[in-house]
Amino acid sequence: MDEGEQLCEAARNGDADKVKILIDSGADVRFFDGDGLTPLMHAAKLGHAEVVKILLSAGAPWNALSPSNVSAGDFAMEAGHQEAFEVLLNAGIQAELVLSTIARKTSKNDNSGKDYLEDRVSFSEDKLMDSDSKAVMMAWEKPLMEAHAKAVCSGGGHILNIGFGMGLVDTAIQQYKPVMHTIVEAHPEVYQRMLRTGWGEKDNVKIVFGRWQDVLPQLESYDGIFFDTYGEYYEDLREFHQHLPALLKPSGIYSFFNGLCGSNAFFHVVYCHLVSLELEKLGYSTQLIPLPVKDCLGEEVWEGVKHRYWQLDTYYLPVCQSEEDSE
Ligand SMILES: C[S@@+](CC[C@H](N)C(=O)[O-])C[C@H]1O[C@@H](n2cnc3c(N)ncnc32)[C@H](O)[C@@H]1O
């Protein structure tokens, strides 16, 4: 048996001493066995938290995936191994925090989403697609958008929505009869469609055409804010959060489309924690409200769509408010 196989075996046995000896003698912690599993996955699957710690500190990648797209954290989570799960969760959060600090230092952050915004889009009854057959927005999200609208409109007043898409959240916001409803939309064809469908004529609606990054000086402060763009990265969401103290009134409610890593359960948990931690640093507490979505997501929903951006059974709807206000 070669060293990699031996490491997998020691990990399965929870034999911490043997794992250390093998690592010291040069065994590769990044090894994948014949089933496509790493030593870390073996340890996580059986809940050997101590071995998980040793492998992680020797550089085992927390986010490696098995052939069926399962990570060590997924294995621990599925089997209910709480300690191993928490060790992996902290490793994921720490790694992503470091990565995002690097991204912040190196990114010029002035070009995000520009390719998509210069591209053609197509509308159908149940989706809005980009030219690469990736879904910008899909009708199955309607109940989620209604729940987001309910959350951000709970205090009434002036509501801001970033990203019109199919207008699902904006239609739901209108039902709460906000005093003022501002919509920021950057795609020229989506904007034209908003005008064609009468959004420009509503008394309480103000449309701001442009990227949110570019139109910030035109924005005010709001009682409720919803954020759901497309073609952007986590970095852009984080950048938006930096503006919340100026955009959200002290007692306001903020929510965003929580599609972070929506195709892997464990990565999604890591990102839910990460975003909550980052909002906490800005003075906001985040409640994640679980909404079951399995029933809205039959196979047929994804017909003709290139990327299944959501594959989980539960959606966690974030409701954020100033920590002082939530106490
Ligand atoms: C996922 S859709 C929004 C769906 C919407 N919540 C709904 O209920 O239908 C994202 C929208 O954000 C727009 N968008 C993308 N980047 C943007 C940016 N930087 N600023 C403003 N809007 C943007 C897209 O053109 C698209 O219409």
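Which residues in α2 meet which residues in α4? I started my notebook with that one, keeping in mind that the model is predicted.

**Entry 1, the helix pair.** I looked up the contact and found Ala16, Val19 and Lys20 on the α2 side.

Next I checked how the two helices lie. Helix α2 covers residues 16-24 and helix α4 covers residues 49-57; their axes are 9 Å apart and the packing angle is about 15°. Because angles under 35 degrees count as roughly parallel, I can call α2 roughly parallel to α4. I also noted the hand of the crossing of α2 and α4, which is right-handed.

Then I moved on to the ligand and its surroundings. I found 25 residues around the ligand, and the closest are Gly163, Gly165, Leu168, Val169 and His187. The elements giving two or more residues to this shell are β3 (135-138), α9 (168-175), β5 (180-185) and α11 (212-215). By class I get 13 nonpolar, 8 polar and 4 charged residues in the shell.

Last, I zoomed out. I see 15 helices and 10 strands in the protein chain. Its C-alpha atoms fill a box of roughly 75 × 45 × 40 Å along the principal axes. Of its 327 residues, 37% count as buried. For contacts between residues at least 6 apart in sequence, I noted that 68% join residues at least 24 apart.

Technical notes. Residues numbered from 1 in each chain as written. Predicted model: local features only at pLDDT ≥ 70, side-chain atom pairs only at ≥ 80, totals over all residues. Axes fitted to C-alpha atoms, helices over the stretch in contact; angles between N-to-C directions. Helix = DSSP H or I, 4+ residues; strand = E, 2+ residues; numbered from the N terminus. Parallel < 35°, antiparallel > 145°, perpendicular 65-115°, else oblique. Left-handed = near helix turned anticlockwise from the far one by under 90°. Contact = placed C-beta atoms within 7 Å. Buried ≥ 20, exposed ≤ 12 C-beta atoms within 10 Å, placed from the backbone. Near = placed C-beta within 6 Å. Nonpolar A, V, L, I, M, F, W, Y, C, P; charged D, E, K, R; others polar.
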